[in-house]
Amino acid sequence: MQTWQSHPVPRVSGTPKPLRLHDTASAEIRLTTPGPTATMYVCGITPYDATHLGHAATYLAFDLVHRVWLDNGHQVHYVQNVTDIDDPLLERAERDQDDWVVLGMRETALFREDMTALRVLPPREYVGAVESIPEVVEAVAKLLANGAAYRADDAEYPDIYFDHKASGHFGSESRYDEATMARFFAERGGDPDRVGKRHPLDALLWRVARPGEPSWDSELGAGRPGWHIECSAIALNRLGMGIDLQGGGSDLIFPHHEFSAAHAEALTGRHPFAHHYTHSAMIGLDGEKMSKSKGNLVFVSRLRADNVDPMAVRLGLLSGHYRTDRTWTQDVLDEANARIARWRTAVESPTGPAAAPLIAELRDHLSNDLDTPKAIAAIDAWATQTGTDVTAPGEARAAIDALLGILL
């Protein structure tokens with residue numbers, strides 16, 4: 001699958017700082033320790049609707065990780081998937097009398113446009129679930145062979161399920177108790193009451209073909225993949241085991257990331273799947289949770305159509321810490337627009353205060369679990385000062401671009 005357009009990232013003078021990042025599995029902010037090439041897998045969209053601000057906030061958070069690693073001299077092997085076959089996509093297509101393939105392609109194209117406008121650095125590999133089906137089939141067959149998977153006791157639809165205890169480390173990523181797991185499993189795409197499963201928490205690996213549903217022939221029988229296994233297969237086949245970071249929104253902590261890790265660990269016999277599991281918080285609208293059921297989603301494409309500066313959208317989302325649930329309001333956007341205007345005035349001036357202290361502050365704050373509020377405050381302070389350094393405005397502009405992704 002085609003990724004989106006990239007852009008040059010300026011080199012920044014001074015000394016970079018290694019990234020310390022929150023890890024969900026340990027509940028600690030820990031140093032990331034990538035080798036020459038940092039490896040990152042961030043779970044992508046299910047393309048049945050446009051990119052809303054919750055999506056955007058997640059990809060902006062991991063774009064900052066990407067940028068800090070680049071600043072530290074690492075190459076970054078970033079992989080992202082697209083779940084272009086799943087129940088929500090099929091349900092939306094049926095509701096709207098649309099072709100599910102066309103719907104998925106259309107919304108994926110719109111997502112690429114939104115990411116380009118927001119200046120999110122693209123993944124090196126952007127992989128659809130459909131194109132990865134042969135990899136999923138191979139993985140599920142291995143899990144069946146090693147006893148980590150089984151067929152449901154159902155003569156008509158013997159779907160294949162994962163024994164959630166097979167890896168021996170289930171629960172280590174989320175640290176949830178079983179009651180919490182059961183609640184989230186039911187709320188977030190699981191099927192705890194499915195007759196024929198050995199345990200309510202066992203997750204679907206391969207759904208045997210049903211009449212009227214798309215399916216693919218395979219050694220497992222005609223069918224289509226479950227959700228979690230696609231990320232395990234895609235990540236393992238491109239990044240290997242023990243990746244530096246698996247990321248996504250906080251709603252993916254369980255079941256999605258717990259199971260994708262458990263699948264990978266059961267396939268390889270190694271633990272952990274990732275050295276960091278990092279999750280971004282939720283975005284609300286005017287003090288309420290943003291959700292499709294409430295009809296209060298704010299779409300990036302709608303803002304772009306209304307001629308809102310994408311850099312103001314990016315800055316508004318970065319004005320809160322990535323791990324803090326926060327709300328989007330007109331005031332947030334107005335403040336971002338005003339701040340952008342002040343910053344642009346400062347970097348377009350012929351002289352300014354020395355940029356080196358500002359760049360050091362930006363690195364200090366971003367290396368400390370992506371503390372964007374403090375980084376933004378540092379730029380605010382710099383932009384209000386005067387100075388005689390003729391190189392400072394250009395150096396500050398380049399650093400703000402390279403580290404925060406904001407083009408002034």
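Me: Which element gives the most to the lining of the second largest pocket?

Reply: This is a predicted model. In it, α1 gives the most to that lining, with four residues. The elements that give two or more residues are α1 and β4 (75-82). The lining has 17 residues, and those nearest the centre of the pocket are Pro10, Arg11, Leu70, Asp71 and Gly73. The volume of the pocket is about 340 Å³.

Me: Why is histidine 365 called buried?

Reply: Buried means under 20% relative accessible area. Histidine 365 has 18%, so histidine 365 counts as buried. This residue lies in helix α11 (residues 356-367).

Me: What is histidine 365 in contact with, leaving aside its neighbours within four places in sequence?

Reply: Histidine 365 is in contact with Leu370, Asp371, Lys374, Ala375 and Ala378. To count as a contact, heavy atoms have to be within 4.5 Å.

Me: How do you know what span to expect for helix α10?

Reply: The expected span is 1.5 Å times one less than the number of residues. Helix α10 (residues 330-347) has 18 residues, and the expected value is 26 Å. From its first C-alpha to its last, α10 reaches 26 Å, close to that expectation.

Me: What puts the buried residues of α10 on the same side?

Reply: The buried residues of α10 are Leu333, Ala336, Arg339, Ile340, Trp343, Ala346 and Val347. They cover an arc of only 145° around the axis, and therefore sit on the same side of α10. The face turned away from that buried side carries the exposed residues Asp331 and Thr345.

Me: Which elements do the buried residues of α10 pack against?

Reply: They pack against α9 (310-318), β14 (326-328), α12 (372-384) and α13 (392-404).

Me: Which residues touch the most other members of the largest nonpolar core?

Reply: That core has 70 residues, and Leu53, Val65, Leu317, Trp328 and Ile406 touch the most other members. Helix α1 (residues 53-71) gives the most to this core, with eleven residues.

Me: What does tryptophan 328 touch, not counting residues up to four places away in sequence?

Reply: Tryptophan 328 touches Leu53, Ile283, Gly284, Leu285, Asp286, Val298, Val313, Gly316, Leu317 and Leu333.

Me: How many residues are in the second, separate core?

Reply: The second core has 25 residues, including Val140, Ala148, Phe185 and Phe254. Members of a nonpolar core are joined through side-chain atoms within 4.5 Å.

Definitions and conventions:
Residues numbered from 1 in each chain as written. Predicted model: local features only at pLDDT ≥ 70, side-chain atom pairs only at ≥ 80, totals over all residues. Heavy atoms only, no water. Buried < 20%, exposed > 50% of the residue type's maximum accessible area, 1.4 Å probe, protein only. Arc of directions from axis to C-beta. 1 Å grid on protein atoms, 1.4 Å probe; cavity = no way out; pocket = protein on both sides within 12 Å on 5 of 7 lines; lining within 4 Å. Points joined across faces, edges and corners; volume = space filled by probe spheres on them.
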